[in-house]
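The sequence and structure are shown first.

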Amino acid sequence: MFCPRCGRTDEELFDNLCKSCFLEDFVLAEIPGEIEITVCAHCESRLISGKWHELELSDEEIILNALNNHITLNKYAQNVEIHVETLLARGSNIECLVHTRGTVLGEDIEQGYKLNVKINRTVCPECSKFTSGYYEAVIQLRADKRVPDDEEVMTSDAIIAENIDKIARKNKMAYISQRNVLKEGIDYYIGSYKVAKRISNSIKDHMGGVIKESPRLMGRDKSAGKDLYRVWISVRIPYFKVNDFVKYESVIGQIKSIDGKKILIKDLNSRNQISVQWRDYDKIMAVAKEEDVMETTVTAKTPDSIQILHPVTYEPVDLQINVDFAEIEIGSQIPIIEIDHVLYILDC
Ligand SMILES: [Zn+2]
Ligand SMILES: [Zn+2]
């Protein structure tokens with residue numbers, strides 16, 4: 001046994017060479033001189049192995065990622081570590097040095113390779129949807145038997161803006177491609193259905209109301225083999241507002257609060273609060289607005305009754321006293337509401 005290159009004898013041979021001759025020519029990893037990476041010019045997403053990634057990686061990590069499929073390690077190399085150093089970026093080219101290190105036949109070997117990275121700038125599918133005005137869902141802000149007022153529109157605009165801002169950090173489809181003012185309300189065109197659904201729920205949490213979805217078949221995505229739907233999500237906020245007066249079953253009450261789950265009504269007779277779920281919204285009848293509240297004077301009081309003047313006819317009216325009204329003094333001005341010819345004293 002001898003090494004054909006140096007002539008040494010009694011040496012173990014590797015690929016027909018003694019260890020030192022073998023290591024002289026040794027190449028730790030075969031690395032191409034040039035690779036291409038594709039980057040979205042809008043959002044910086046990277047196309048890696050045919051898939052778009054929105055990874056928050058450094059250039060070095062992205063190049064290493066792209067390089068991974070193109071590296072062939074020498075079979076004698078063990079514990080190989082690879083890292084990329086960018087040397088110079090010029091236009092759409094980045095010159096890099098690929099550092100490799102590993103153990104070969106018990107020896108530590110370090111080698112560097114020049115690599116040119118070509119950057120292809122293009123537009124990822126999601127950004128191209130955004131730039132073409134694509135949308136999957138329309139949120140329709142509506143109000144029951146009326147039009148949302150300016151304040152409600154402002155509230156809804158703010159909720160949508162805040163949500164979009166938050167979700168867009170992780171989801172590029174969180175955008176509004178159109179906002180249309182219609183005579184019955186506002187339409188918001190949203191890039192993603194999932195995002196639109198989340199936003200509609202957030203509007204409902206703040207403003208209450210009933211959500212209805214109507215999907216429409218728009219066509220078929222042949223490549224993905226599935227139907228394409230666009231969904232109209234209507235968020236119908238209630239007819240009444242907080243402090244308005246309503247009838248619910250046998251209760252005459254004032255709306256105390258509204259949220260995504262329920263409507264809180266204060267019973268004007270028993271003075272108790274009841275909560276009504278949105279599925280029973282249709283059973284609530286609006287009977288007076290907050291603007292209908294009047295003021296009147298207390299003219300007499302006994303342990304059982306309280307007498308006030310009717311605010312329009314000035315006739316004295318006797319009402320049953322309630323523990324809530326025990327502190328009211330004769331001569332004071334108090335708020336009242338008249339519903340179906342009955343006067344109710346309100347919280348002072
Ligand atoms: Zn040799
Ligand atoms: Zn993009």
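Two strands are taken to pair if DSSP finds at least two bridges between them. The model discussed here is predicted.

Strand β9 (residues 93–104) is antiparallel to strand β8 (residues 77–90), and 11 bridges connect the two. In this pairing Ala89 lies opposite Ile94 of β9. The two strands make a hairpin with two residues between them, and Gly91 in the turn has a positive phi of about 55°.

β9 also runs antiparallel to strand β10 (residues 107–122), to which it is joined by 12 bridges. Glu95 has Asn116 in β10 as its bridge partner. β9 and β10 again form a hairpin with two residues between the strands, where Leu105 has a positive phi near 50°.

## Domains

The chain is split into domain 1 (14–124), domain 2 (133–237), domain 3 (238–287) and domain 4 (293–348). Taken over C-alpha atoms, the centres of domain 1 and domain 3 are 67 Å apart.

## Helix α4

Helix α4 covers residues 150–168, 19 residues in total. From its first C-alpha to its last α4 reaches 26 Å, close to the 27 Å expected at 1.5 Å a residue.

Which residues of α4 are buried? They are Ser156, Ile160 and Asn163. Viewed down the axis of α4, these buried residues fall within an arc of 70°, so they line one face of the helix. An α-helix has 3.6 residues a turn, so residues three or four places apart point the same way. The cover over the buried residues of α4 includes the strands β11 (137–143), β12 (176–182) and β13 (185–190), together with helix α5 (193–207). On the other side of α4 there are exposed residues, namely Asp150, Glu151, Met154, Ala158, Ala161, Glu162 and Asp165.

## Five-stranded sheet

An open sheet is formed by five strands in the order β23-β22-β21-β24-β25, with antiparallel pairing. Its edge strands, β23 (316–320) and β25 (342–345), each pair on one side only. From one strand to the next, the twist averages 45°.

Within this sheet, β22 (residues 305–309) and β23 run antiparallel and are joined by five bridges. Leu309 stands opposite Pro316, a residue of β23.

Terms used. Residues are numbered from 1 along each chain as its sequence is written. Chains are lettered from A and ligands numbered from 1 in the order in which they are written. This is a predicted model: local features need pLDDT of at least 70, side-chain atom pairs count only at pLDDT 80 or more; totals for chains, interfaces and linings use all residues. Domain bounds come from an automatic or database domain assignment. Helices (H or I, at least four residues) and strands (E, at least two) are DSSP runs, numbered from the N terminus. Axes are lines fitted to C-alpha atoms, for helices over the stretch in contact, and angles run from 0 to 180 degrees between N-to-C directions. The expected span of a helix is 1.5 Å times one less than its number of residues. A residue is buried if 20 or more other C-beta atoms lie within 10 Å of its own, exposed if 12 or fewer, and partly exposed in between; C-beta atoms are placed from the backbone. The arc is that of the directions from the helix axis to the C-beta atoms. Two residues are in contact if their C-beta atoms, placed from the backbone, lie within 7 Å.
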